[in-house]
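Trainee: I would like to learn how to read pockets and cores. Can you take me through an example?
Mentor: Gladly. Here it is.
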Amino acid sequence: TATMIPKLKQLGYKSIYYAGEDKNTNKDFSSPKYAFERDEGALNLSRNYILLYPSKVLSSVFIELGLALEKRKRIVLFIKNEEDLPFLARELDAVNNYDVQIVKYENDEALFHRIETEHKDLFKQA
């Protein structure tokens, strides 16, 4: 995710929130309560929720995904394999009344190329 931020800024996206942007180790992260409050506040101000999920890992990003769904945000999930997603997230792009796009990619180069060429459609500017 950290490698995507400079690419998005080059495309003109100025306001990007990534909780781990200035963190070097897990010890640099704040308490779970503070992190949740900060993430929820940022999500309230966000137009899009982007999840870069290259492999199956235990992560709180799915708490954030649930919040983004509840808040009816535009959601883009970048994944390599849908089987890595939790069962209920695998076909979110087919669920009515939610604005979710699931984008499969093979490697970082292909992902960055797709973002460069399709970012206006991927991250709708409503």
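Trainee: How much space lies in the largest pocket?
Mentor: Start with the general idea. Rolling a probe the size of a water molecule over the atoms shows where empty space is left. Keep in mind that this model is predicted. Its largest pocket holds about 1,400 Å³ of space.

Trainee: Which residues lie nearest the centre of the largest pocket?
Mentor: Tyr17, Tyr18, Ala19, Tyr49 and Ile50 do. They belong to a lining of 40 residues.

Trainee: Which element supplies the largest share of the lining?
Mentor: That is α2, with 8 residues. At least two lining residues each come from α1 (4-10), α2 (32-45), β1 (48-53) and α3 (61-70).

Trainee: Now the cores. Which residues touch the most other members of the largest nonpolar core?
Mentor: A nonpolar core is a set of buried residues joined through side-chain atoms within 4.5 Å. The largest one here has 17 residues, and Tyr49, Leu65, Ile75, Leu77 and Val100 touch the most other members. Two or more residues each come from β1, α3, β2 (74-79) and β3 (100-104). The largest share, 5 residues, is from α3.

Trainee: What does Leu65 touch?
Mentor: Leaving out residues up to four places away in sequence, Leu65 touches Tyr49, Ile75, Leu77, Ala89 and Leu92.

Trainee: Which residues does the second core include?
Mentor: Met4, Phe78, Tyr105 and Leu122 are among its 13 residues. This core is separate.

Terms used. Residues are numbered from 1 along each chain as its sequence is written. This is a predicted model: local features need pLDDT of at least 70, side-chain atom pairs count only at pLDDT 80 or more; totals for chains, interfaces and linings use all residues. Side-chain values use heavy atoms; hydrogens and water are left out. On a 1 Å grid over the protein atoms alone, a cavity is a set of points where a 1.4 Å probe fits but cannot get out, and a pocket is an open set with protein on both sides within 12 Å along at least five of seven lines; lining residues have an atom within 4 Å of a point. Grid points are joined across faces, edges and corners, and a volume is the space filled by probe spheres set on the points. Helices (H or I, at least four residues) and strands (E, at least two) are DSSP runs, numbered from the N terminus. Buried means under 20% relative accessible area, exposed over 50%, partly exposed in between (1.4 Å probe, protein chains only). Contact means heavy atoms within 4.5 Å.
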